[in-house]
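Please open the model in a viewer and keep the selection tool at hand. The stops below are arranged as a tour, each with something to select and something to inspect.

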Amino acid sequence: MQHQVTSFASYGAFRTSTPPPPISPFSGAWRNKTRGIKTETGGTRLPRHAAIVAQLELKPLPYSLDCLEPHMTRQTLELHWGGHHRAHVVRLNNLIAGTDLDGKGLEDILLATYNKGNPLPAFVHAAQVWNHDFFWQSIKPNGGGHPSGKLMELIERDFGSFDTMLENFKQAAVTQFGSGWAWLAYKANKLDVGNAVNPCPSEKDNRLVVLKSPNAINPLIWNYAPLLAVDVWEHAYYLDYENRRADFVSVFVEKLVSWEVVSHRLRIAMEQAAERARKETREDDDEEATRSDAVEMYLDNESDDSETE
Amino acid sequence: MAFRTLLAKKTLALASSFAPVSASGDRWLGASLHRVRTLTVASLPDLPYDYGALEPIISGEIMKIHHQKHHQTYITNYNNALEKLDAAIAKGDASAVVQLQSAIKFNGGGHVNHTIFWQNLKPTNEGGGEPPHSTLGWAIDTNFGSLEALIQKMNAEGAALQGSGWVWLALDKGSKKLSVETTANQDPLVTKGATLVPLLGIDVWEHAYYLQYKNVRPDYLKSVWKVINWKYASEVYDKETA
């Protein structure tokens, strides 16, 4: 089998930004040329002299366009990666050019433009670029089979069996009404509720979950670690499966998924969760220490009413 | 098949006349035993034209799958949800009633929207694409400036819609004003305003155009006007503004 990575013309990692549109003398912006100028996308346009910026590029696929046949045809990949995914990259670059989001990492842009649930125009493009990168890396020629090791262990712990997890995953995918995604994710976060403390924190609080999301939303916004995604926008399967989304998802899990990649992502997610937990314990310990100092100071207070007369 | 072409709806009671009767006089229907109750369910309306009649604007392949698969699936799922809802109401199971709402909205909305859509389209040799005149024509000029401006606005909003949904030409029954609205997924137009009546709806779910126009939704939107049935829109407009 030939392995030519046929990549469409992709953007270089660095290119000069397109100059911002002319500033009208009445906008007030000409007075603020040394400070950032607020744009409608919520970013801040930097002054003209910050010309060279990093632009996001359409990452080449990890396999050639016909390597996933017949499960995902060349035509689908050409349109999905070369059309849809590419368009999001272009639109994103246009929207963030010259703003303070320019040059940031994709995940940072995604979270910033999500804007805590009030998404800015660039969000859908940032999220879809991330989602599609993630999706292409989740699959491979001759994929499928079973996971092993820690991933299988957690699947069996949290779902009962591999088949049950797959069933849940497929159900999420076919019941995501309209456009969206279905996910397997590692949930290791704590709710940010000030005084809610888990008295016996353990690794067991962290678990695998299956979830679905509409349109461009992905679980990063809920602080989960995505492990696997299937695109259930109609464009992902319509040319190959017409309306039969369930068939597409079955083929996806049976013939395309790269469980090695999913395992690798789980490893990273668990390490990050452990690191976060260690940091939080250190912070809690530091807090404890300062608190007990304060208590001692109070007891040592001479003017306090005590038994010693 | 004959049933479907003759009747727009059928009643569950009719279907159950073929079901066996138990000792207590109740009828078995599927896996559950319940008293016969008249529940009007939906069925797939026939298209007023052949699948290939809208070529080359919308391919016969798309029309067939759109009608026989997508619309039929909404109807099947809607009817299932209705039966479950009926049972839940009878039992007074409020929790189940609430839980069924999203299935009813998705699938019922899909049925409502597509039933309108088939009427909104017409082959060119039967008047599809002919611009509206008199009352609706004047209303469009008043509300949007010109027909071209309206079309441009609908195309822009349809193209910008994220994900799946519809773009509508809406009439407000109260104010008699026309407006362009979009709805997400299969939300019917009324979800945007209780007094809104759909004159025209254009399906911008990918299944409506992908096999032919691929990812170029704007091309689909530009072309679809050649098969839009303005006569139907005028009739609805005149009826609501009478």
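Begin by selecting B:K105 and B:D187, which form a salt bridge with their closest N and O atoms 3.7 Å apart; the term denotes a side-chain nitrogen of Lys or Arg within 4 Å of a carboxyl oxygen of Asp or Glu. The model is predicted: local features need pLDDT of at least 70, side-chain atom pairs count only at pLDDT 80 or more, and totals for chains, interfaces and linings use all residues. Residues are numbered from 1 along each chain as its sequence is written, chains are lettered from A and ligands numbered from 1 in the order in which they are written, and side-chain values use heavy atoms, with hydrogens and water left out.

**The two domains of chain B**

Next, colour residues 7–123 of chain B as domain 1 and residues 125–241 as domain 2; these bounds come from an automatic or database domain assignment. Domain 1 of chain B brings 25 residues to the contact and domain 2 of chain B brings 31, where contact means heavy atoms within 4.5 Å. Between these two domains of chain B, about 2400 Å² is buried, 61% of it from carbon and sulfur atoms; buried area is the accessible area (1.4 Å probe) that two parts lose on being put together, summed over both.

Now display α3 (60–91) and α5 (101–120) of chain B, the elements that give two or more residues to the side of domain 1 that touches domain 2. Helices (H or I, at least four residues) and strands (E, at least two) are DSSP runs, numbered from the N terminus. On that side of domain 1, α5(B) gives the most, with eleven residues.

**Backbone stops**

Select B:E55 and B:P56, which are joined by a cis peptide bond with omega about -5°. B:P56 lies in the loop between β4 (40–42) and α3 of chain B. In chain A, a cis peptide bond joins A:E69 and A:P70, with omega about -10°; A:P70 is found in the loop between β4 (52–54) and α1 (74–96) of chain A.

Most residues other than glycine have a negative phi, and most peptide bonds are trans. B:K176, not a glycine, has a positive phi of about 65° and lies in the loop between β5 (165–172) and β6 (178–184) of chain B. B:K176 is partly exposed at 36% relative accessibility (buried means under 20% relative accessible area, exposed over 50%, partly exposed in between; 1.4 Å probe, protein chains only). Phi of B:K214 is also positive, near 50°; B:K214 lies in the loop between α8 (210–213) and α9 (217–224) of chain B.

**Last stop: a helix of chain A**

Finally, select α7 (residues 245–256) of chain A, whose buried residues include A:F248, A:F252 and A:L256. Among the elements that cover the buried residues of α7(A) are α3 (121–138) and β7 (225–231) of chain A.
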